[in-house]
Amino acid sequence: MCARSPIALPSCVVAIEFPDGFLWGVATAAHQIEGGNWNSDWWEFEHAPSTPVVEPSGDACDSFHRYPDDIRLVKELGLGAYRFSIEWARIEPEDGFFSRSALDHYRRMLGCCHEHGVLPVVTFHHFTTPRWLAAQGGWENAATADRFARFCERAVAHLGDLIGMGCTINEPNVASTLGYLLGTFAPGKKDLGAWGRASATYIDAHRKAYQAIKAGPGDFPLGATVAMDDWWAPEGCEEKLAAVRHSYEDIFCEAARGDDYLGVQAYSRLRLDEQGLPTGPEEGVEVLDMGYEYWPRAVEVGIRRAAEVAQVPIFVTESGIGTRDDGQRIRYLTEVLEGVGRTLEDGIDVRGYFCWSLLDNFEWNHGYGPRFGIVAVDRETQARSLKPSASWLGKIARTNRLDV
Ligand code: GCO
């Protein structure tokens, strides 16, 4: 697939036309929007006395109950796809017990997407793990890969016929690095050995889950997503940079070889010091509420790298900005999409773009501070209200083009 080259319009506006069938969507994750996910390791982590999480998730956006409204919004905006995750801690609340009622809940969600003509994109694991499994060593324990494959097998048996596209694991590289090396995500470890073990289990789990899901009902594209960045290190530190990038990004992209696609999720730039450790933003570069740089180029860089290493079709399965300034969001997403356009012009097989996120939601250790949504959520009443970026993105999706 190839983007038609930018065309000059009379008013000096340039349009980027996307290929026919290019998929436009929004992404969310269960723990960040459903609310009351008390049986997961994250809930426990948020409530631990020494937690680095600034506030607990609580009722989140109550999307567990309000999903019909949220899916209707996706449709009304003109977006073709909704990416959401199914919550393992609800579906398998105890080792080996699978809740029919929880599975039925997600079946209703899938049905609701179909009623609205919205393609449901299902993530099987988005950062949260049932408490019983965390107590058995979580992702440091190699046996977790088999537990995950068993969960996927049961879930797909119940849901597979309605799934439009699947994602085994969301950003395994972030889950292992923040959870086992930096300690800011559950389970809060800071241990090099644990990081290596967790990364290996995630990769093994992806492969096993891929087989299990493919063997079940339904016939949909399946892949994983990886957090990608633009990278920088001082001159002379190229080897160090390559080594860090290899263990953080490349090994996960390599694990996607042979999959139906790879999901690229990119937000900013990672700057390293001489030791190969992350250093802060560059002076003079805008800094966002997340503490990292305003760096829309990350998506283009991520697509190019992921396509080169994984050699499979690419979807941008997440891209967005945590900001209270919706004008800044539109500016950022415009620059991102210009970058996506350049990758298409170069013949890279990019098949869709999902904005993170539909709703202002629980941003993990940052709590409810950063606002990634194109739809605002009143934290008291849960009322949803569209931001200008929502109709802006909807127009791009409906016309399949961006006027810059
Ligand atoms: C991640 C996740 C999302 C985040 C989003 C914004 O990349 O951490 O997939 O859950 O909320 O990326 O930070």
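**Basis of the report**

A polar contact is a pair of N or O atoms within 3.5 Å; within protein, one must be able to donate a hydrogen and the other to accept it, and residues adjacent in sequence count only if both atoms are side-chain atoms. The model is predicted: local features need pLDDT of at least 70, side-chain atom pairs count only at pLDDT 80 or more, and totals for chains, interfaces and linings use all residues. Residues are numbered from 1 along each chain as its sequence is written, and side-chain values use heavy atoms, with hydrogens and water left out.

**The ligand**

A polar side-chain atom of Glu171 lies 2.6 Å from an oxygen atom of the ligand. For the side chain of Glu318, the distance from an N or O atom to a ligand oxygen is 2.6 Å; for that of Tyr267, the distance is 2.9 Å.

Around the ligand stand 13 residues (a heavy atom within 4 Å), and Gln32 and Glu363 are among the closest.

**The cavities**

The structure holds three cavities of 30 Å³ or more. A cavity is a set of points on a 1 Å grid over the protein atoms alone where a 1.4 Å probe fits but cannot get out, and its lining residues have an atom within 4 Å of a point. Grid points are joined across faces, edges and corners, and a volume is the space filled by probe spheres set on the points.

The largest cavity has about 70 Å³ of space, and its lining includes Tyr202, His206 and Phe252.

Definitions and conventions:
1 Å grid on protein atoms, 1.4 Å probe; cavity = no way out; pocket = protein on both sides within 12 Å on 5 of 7 lines; lining within 4 Å.
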